[in-house]
Amino acid sequence: MNSWLVRLKQATYNTTFMYNIRMIIAFSGTAFVPYFIGQQIYTIPLTLGVVAAALSDIDDRFSVRLMNLIYTYIGFFVTAVSVYLLFPYPILFAIGLIVACIGWILLGSLGRRYATISYGCLVVSVYAMLGVHLFDNWYMQASLLVIGAAWYGIISTISFLLFPVRQVQDKLAQCYSSLGDFLFAKSNLFDVDMTAKSYQQSMIELSLENAKLTTIFNEMKTALLTRLKGDRGQKDTRRNLQYYFVAQDIHERADSAHFDYQKLAKIFEHSDILFRFQRILFIQAKACKDLSSCIMQRNAYDHSKRFKHSFENLKISLDKLRAEQQYDQVWVNALFSLFQNLKAIDAQLRNVETERHINFDKTNHIENQLKDDDLKGWDDIVIRIKQHLTPESVLFRHAIRVSLVLFIGYIFVQITNIQYGYWILLTALFVSQPNFNATKRRLYLRIVGTLVGIILGYAILYFIPSIEGQLLLLVFCGVLFFELRSKQYAQATAFITILALINFNLDGLGFTAAVPRMVDTIIGCALAWFGVSFIFPDWKFRRLPRTIKRSLQAQCNYLIEVVAQYKDGRNNGLNYRVVRRAAHNNDADVASLISTLATEPDFDPVQKTQAFEFLCLNHTFISYIAALGAHREKIQDQEILMLLDKAVEDIQGALLRDEVPDLTVQNMLQTIRHRLSQNNDEDQKSLIVLQQLSLMFSILGQLSRLKQNLSHDHDQRATELASL
């Protein structure tokens, strides 16, 4: 009996398993309750209501979750009724379609919860078009859609009450898993056989892993913030907050760069020192993965005993390097700085289970705060919406693009009277994404998935003619759609297509709907492609200069905050973490944008090469700043402080105003060598500062030139396009 209870408890730790149980219950209710009461046609709107509600489901604290559900149900009902009432009047319907689409998408500017609710309402609007003929009363379909959504909401809320911190812990586990991937990628930079090409590839991979990690950090912050507002400092939230801050600190230290890795590999290619550093990074990455697994399984993390022996041997090797004086002491000192950094990461991992990192008794303590991005009132609502009422806004361009695509699709359906034509609008809505690359990828997957789904659906309807069997498969396909929709879009599309065919078969139209579904999918995909290609086309290269500028500005702000703490002392307060996160967010935007440039039509290969060079240098530069941040402590040396101020001024001039810096790498290196010759133990902090500044200035000129070249190429190409 006890072993059975243990296995049951372990099963509840599996988030995927519990989510699938929730969806099985939801779809079973919508499939079999109408069957038992003899109203099988109700299954269609009830099932679609569950799908729309599940697409609109977001994690939040209990009180806000209830408000979200109320907003969702009101939105669904009003949307479905509006479709029914305007449907007989094509002109009014077309106008309403455009206005509603723009309004719902721009509502997403108010925050994540409003974006998900508005997307669900858009989905319901097309679902209501598909089922407008099913019921005579204006309220019937709308009510059934809301009942289906409410049924899912009840199950989702019960799941939340049973496991209130489940999603936060899952996000936390993702943070450490992604942090492990980042450390694995970082360890590749210590390969002594590295070539220029392999180095660039390693830097690109590191930048992309950093972008993924930054995204997860942002999601984790949102999940934590809503819990902190609601639970008044419960133990689970305090513990999760501690883990989050530890992960951020490890990230800053892991992202630090104390030298040029290509030069480092050449200098120490016949020494064992780089292998030792690489091995420690590798086992630290493994430790983050183990910690992620412990969080998922609710087990205590046990720090590996291998670290102590590895660090002892690494210290011995470093002491030998210093004693032999075979290598330039600048490099040896940089290796010692890295050693201290990795020791600090080890200390964070070793002590992560303790609660001594944060003073939780002071709920408003400066180091226990998260930046609150929620709405502050009507003025904030107006400001956020106004910010997106411009063609420069990606959200505004997407709103106009999708609304026009749906409008064109509606006009096409009205003119041709094509069978089941509103599937065209549904396909266009699901496929259309804010950028060309994501839309193009979904086009192919949607068509393939639909074709596979139709073939399998035909077979199911033919070989399983019984209603009971088809309802069981409806439940099965609905569960698999939600399980796969964020992982395998083509497979998810296949299962939702089968679900749709079974739904239509309940109305006696299963076999006749299959071919029109395929035709409508192709037309809808063509409309989505047309929209993203010609209606406010959002080619990535057009956003490149603005994204680069924002990233460089954020890095300068990060550097300014780090320099301030060398004057005033180390402080992990909210302002520092906000500035640091902004720098990493913008670096992630650069990585995400540039990594998709190859998919854009007619992209200049020279500009592409320069863009990837900039990607590597941009992340290298923020890594140099991160190293300064990792070692930041108050220093008294006024000459160093003046040098820091001058360096900040010159870096801002070079990166933001295209000025030529006064300081040179040679002068910086001379200063470092002079300090080294003094061999003053009290001056180690100053040496770290000088080393990092020399690294920044070594790539500053190239980074500035690449920025100018990419901006010039963009302006030239924009002029060429305007003249066409």
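Is aspartate 181 buried, partly exposed or exposed? Here are a few notes on this predicted model, starting with that residue.

1. Aspartate 181 counts as partly exposed, at 28% relative accessibility. Its salt-bridge partner is lysine 289, with the closest N and O atoms 2.8 Å apart. Aspartate 181 sits in helix H8 (residues 166-187) and lysine 289 in helix H12 (residues 273-297), so this pair ties together parts that are 108 residues apart in sequence. Lysine 289 is partly exposed too, with a relative accessible area of 25%.

2. A local pair is worth a look next. Lysine 315 and aspartate 319 form a salt bridge at 3.1 Å, N to O. Both belong to helix H13 (residues 306-324), and because they are four residues apart, about one helical turn separates them. Lysine 315 is partly exposed at 31% relative accessible area, and aspartate 319 is partly exposed at 34%.

3. Aspartate 658 and lysine 707 also meet in a salt bridge, at 3.0 Å from N to O. This pair links distant parts of the chain, 49 residues apart: aspartate 658 is in the loop between helix H25 (638-656) and helix H26 (665-678), while lysine 707 is in helix H27 (residues 684-723). Aspartate 658 is partly exposed at 37% relative accessibility, whereas lysine 707 is buried at 10%.

4. Across the whole structure, the search finds 17 salt bridges.

5. On the cysteines, the disulfide count is zero. Cysteine 294 is buried at 16% relative accessibility, and cysteine 616 is buried at 6%.

Conventions: Residues are numbered from 1 along each chain as its sequence is written. This is a predicted model: local features need pLDDT of at least 70, side-chain atom pairs count only at pLDDT 80 or more; totals for chains, interfaces and linings use all residues. Side-chain values use heavy atoms; hydrogens and water are left out. A disulfide is a pair of cysteine sulfur atoms within 2.5 Å. Buried means under 20% relative accessible area, exposed over 50%, partly exposed in between (1.4 Å probe, protein chains only). A salt bridge is a side-chain nitrogen of Lys or Arg within 4 Å of a carboxyl oxygen of Asp or Glu. Helices (H or I, at least four residues) and strands (E, at least two) are DSSP runs, numbered from the N terminus.
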